[in-house]
Amino acid sequence: MTVSAETMDKVATLTKKVLEERFGDGFVFDPILVMPRIDQYGDEYLEIRVVYDGDIQELDLGWTAGLGWRMWDEVEETGAPGKPTYGFVEKSDWEAGPPK
């Protein structure tokens, strides 16, 4: 199964909506990258990388750690495979690029 660009866009939009509802104006979530992956068993899933701008002290890490479980049903409704995984990257780190 190949995940379509349309499905990945839907997942990114859905993720942004859920994050904005939870955190309000305290953060900017952009970009949200959705990447198809295959796990060690050959099953497809989506890796979602969220770049955020805001005070990390206000980013509820307990809530964000469970985002894959919270979003699973909604993401599955888009036609995406498997349970998504989420990672968060601070905007300044994102802009700095990978370590040299």
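This is a predicted model: local features need pLDDT of at least 70, side-chain atom pairs count only at pLDDT 80 or more; totals for chains, interfaces and linings use all residues.

Residues are numbered from 1 along each chain as its sequence is written, and side-chain values use heavy atoms, with hydrogens and water left out.

Let me start with the overall layout. The chain has 4 helices and 3 strands, where helices (H or I, at least four residues) and strands (E, at least two) are DSSP runs numbered from the N terminus. If you read along the sequence, these elements come in the pattern α-β-β-α-α-β-α. The radius of gyration is 14 Å, close to the 13 Å that the globule rule gives for 100 residues, so the chain is as compact as a globular protein of that length; here the radius is taken over C-alpha atoms, and the rule is 2.2 Å times the number of residues to the power 0.38. Along its principal axes, the C-alpha trace spans about 40 × 35 × 25 Å.

How much of the chain is buried? Of the 100 residues, 34% count as buried, a word that means under 20% relative accessible area, with exposed meaning over 50% and partly exposed lying in between (1.4 Å probe, protein chains only). As for contacts, meaning heavy atoms within 4.5 Å, residues 24 or more positions apart account for 62% of those with a separation of 6 or more.

Now to the aromatic rings. The structure holds 6 aromatic pairs; rings of Phe, Tyr and Trp (its six-membered ring) pair if their centres lie within 6.5 Å, and planes under 30 degrees apart count as stacked, over 60 as edge-to-face and the rest as tilted. In the pair of Phe23 and Phe27, the ring centres are 5.4 Å apart and the planes stand at 70 degrees, so the pair is edge-to-face. Phe23 is buried at 11% relative accessible area, and Phe27 is buried at 7%. Phe27 also pairs with Tyr52, with centres 6.0 Å apart and planes at 65 degrees, so this pair is edge-to-face. Because Phe27 lies in the loop between helix H1 (5-23) and strand S1 (28-38), and Tyr52 in strand S2 (residues 44-53), the pair ties together parts that are 25 residues apart in sequence. Ring pairs link Phe23, Phe27, Phe29, Tyr52 and Trp63 into a cluster.

Let us move on to strand S1, where Pro31 lies. A cis peptide bond, with omega about 0 degrees, joins Asp30 and Pro31; for background, most peptide bonds are trans. Strand S1 also holds Ile38, which is exposed at 58% relative accessible area. Leaving aside residues up to four places away in sequence, Ile38 touches Asp43, Glu44 and Tyr45.

Finally, please find Glu74 in helix H3 (residues 67-77). Glu74 is partly exposed, at 33% relative accessibility, and, again not counting residues up to four places away in sequence, Glu74 touches Leu14 and Val18. The C-alpha atoms of Glu74 and Asp9 are separated by 14 Å, and these residues are 65 apart along the chain.
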